[in-house]
Amino acid sequence: MNRWIAAVIAALAPCLLFAGPVNVNKADAETIARELQGIGPAKARAIVDYRESNGPFEAVDDLLKVKGIGPKVLEDNRKNILLNDEESSASETGS
């Protein structure tokens, strides 16, 4: 039975680690923390607070202005960061 449970966990692990695209200009902190790698509740709250104080992010690289968001976190998540509901971050940053 234990081997079966381990096999199920191993099979589901990639699904559990999947980060999905998230619109950082609309999502709440809980969604941002859940969907982006390396961003927990505090960093997600910082993203929302920055957005509320400064307006929507115009480029993915604008997230670097948020305290706690560094180049590695940004690059790890670049493909999953949306600025609007219709386009991916790659098309908006020219990457």
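Buried means under 20% relative accessible area, exposed over 50%, and partly exposed in between, with a 1.4 Å probe and protein chains only. The model is predicted: local features need pLDDT of at least 70 and side-chain atom pairs count only at pLDDT 80 or more, while totals for chains, interfaces and linings use all residues. Residues are numbered from 1 along each chain as its sequence is written, and side-chain values use heavy atoms, with hydrogens and water left out.

**Asparagine 77**
- Asparagine 77 counts as buried because its relative accessibility is 1%.
- Its side chain reaches the backbone oxygen of valine 73 at 2.8 Å.
- Not counting residues up to four places away in sequence, asparagine 77 touches (heavy atoms within 4.5 Å) Leu36, Gln37 and Ile39.

- Leaving aside neighbours within four places in sequence, isoleucine 47 is in contact with residues including Phe57, Val66 and Ile69.

**Largest cavity**
- A cavity is a set of points on a 1 Å grid over the protein atoms alone where a 1.4 Å probe fits but cannot get out; lining residues have an atom within 4 Å of a point.
- The largest cavity holds about 30 Å³ of space.
- Its lining consists of Ile39, Ile47, Leu63, Ile69, Val73, Leu74, Asn77 and Ile81.

Key:
A polar contact is a pair of N or O atoms within 3.5 Å; within protein, one must be able to donate a hydrogen and the other to accept it, and residues adjacent in sequence count only if both atoms are side-chain atoms. On a 1 Å grid over the protein atoms alone, a cavity is a set of points where a 1.4 Å probe fits but cannot get out, and a pocket is an open set with protein on both sides within 12 Å along at least five of seven lines; lining residues have an atom within 4 Å of a point. Grid points are joined across faces, edges and corners, and a volume is the space filled by probe spheres set on the points.
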